[in-house]
Amino acid sequence: MVLSSVAWAKTDVAIGGVSGDAERNVETTLTLYRYRDESLDSLALQRLVERVPGEVDKALQPFGYYHSQTAVEVVAGEAEEPTQVRVTITPGPRSVWRTT
């Protein structure tokens, strides 16, 4: 991914593929989500986007998802429009631990 060296007023982050507590945990864990109301230049945004897959993996582990797949799409906004970041998560199979 290559982004131009423009600063955006805001970054909209949309998370898809999980819901409920898992989605809330992803939102809490994603560094990008915490910076969504900040003005970010392209380098800062790129660094935050690169962290997304690892942070999603970490956020989903408490729910038994250890093999998630994460796709991130960045769509730069026009003029004063916010940059759109779409995070699409495929959680994968859920691991269940049982004690005997």
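Me: What share of the contacts in the chain with a separation of 6 or more comes from residues 24 or more positions apart?
Reply: The share is 62%. The model is a predicted one, and a contact here requires heavy atoms within 4.5 Å.

Me: Which elements make up the chain, and in what order do they run?
Reply: The secondary structure consists of three helices and three strands. Read from the N terminus, the order is β-α-α-α-β-β.

Me: Why is Thr 31 called buried?
Reply: The relative accessible area of Thr 31 is 7%. The term applies under 20%, so Thr 31 qualifies as buried. Across the chain, buried residues make up 32% of the 100 residues.

Me: What makes the pairing of the Thr 31 and Glu 55 side chains a polar contact?
Reply: The two side chains are separated by 2.7 Å. Thr 31 itself belongs to helix H2, which covers residues 31–34. Leaving aside residues up to four places away in sequence, Thr 31 touches Leu 48, Arg 51 and Glu 55.

Me: How do you know that strands E1 and E3 are paired?
Reply: Six bridges join E1 to E3 (residues 83–90). Pairing requires at least two bridges, so E1 and E3 count as paired. These two strands run parallel. As an example of a bridge, Ile 15 has Val 87 as its partner in E3.

Me: Why are E1 and E2 described as standing at the edges?
Reply: The open sheet has the order E1-E3-E2, with mixed pairing. Strand E1 (11–16) and strand E2 (69–75) each have a single partner strand, so one side of each lacks a neighbour in the sheet. From one strand to the next, the twist averages 15°.

Me: How do you know what confidence the predictor places in the chain and its elements?
Reply: The scale of pLDDT runs from 0 to 100, and the chain averages 88. A score of at least 70 is reached by 89% of the residues. Where pLDDT is low, predicted coordinates should not be read in detail.

Technical notes: Residues numbered from 1 in each chain as written. Predicted model: local features only at pLDDT ≥ 70, side-chain atom pairs only at ≥ 80, totals over all residues. Heavy atoms only, no water. Helix = DSSP H or I, 4+ residues; strand = E, 2+ residues; numbered from the N terminus. Buried < 20%, exposed > 50% of the residue type's maximum accessible area, 1.4 Å probe, protein only. Polar contact = N/O pair within 3.5 Å; in protein donor to acceptor, adjacent residues only side chain to side chain. Axes fitted to C-alpha atoms, helices over the stretch in contact; angles between N-to-C directions.
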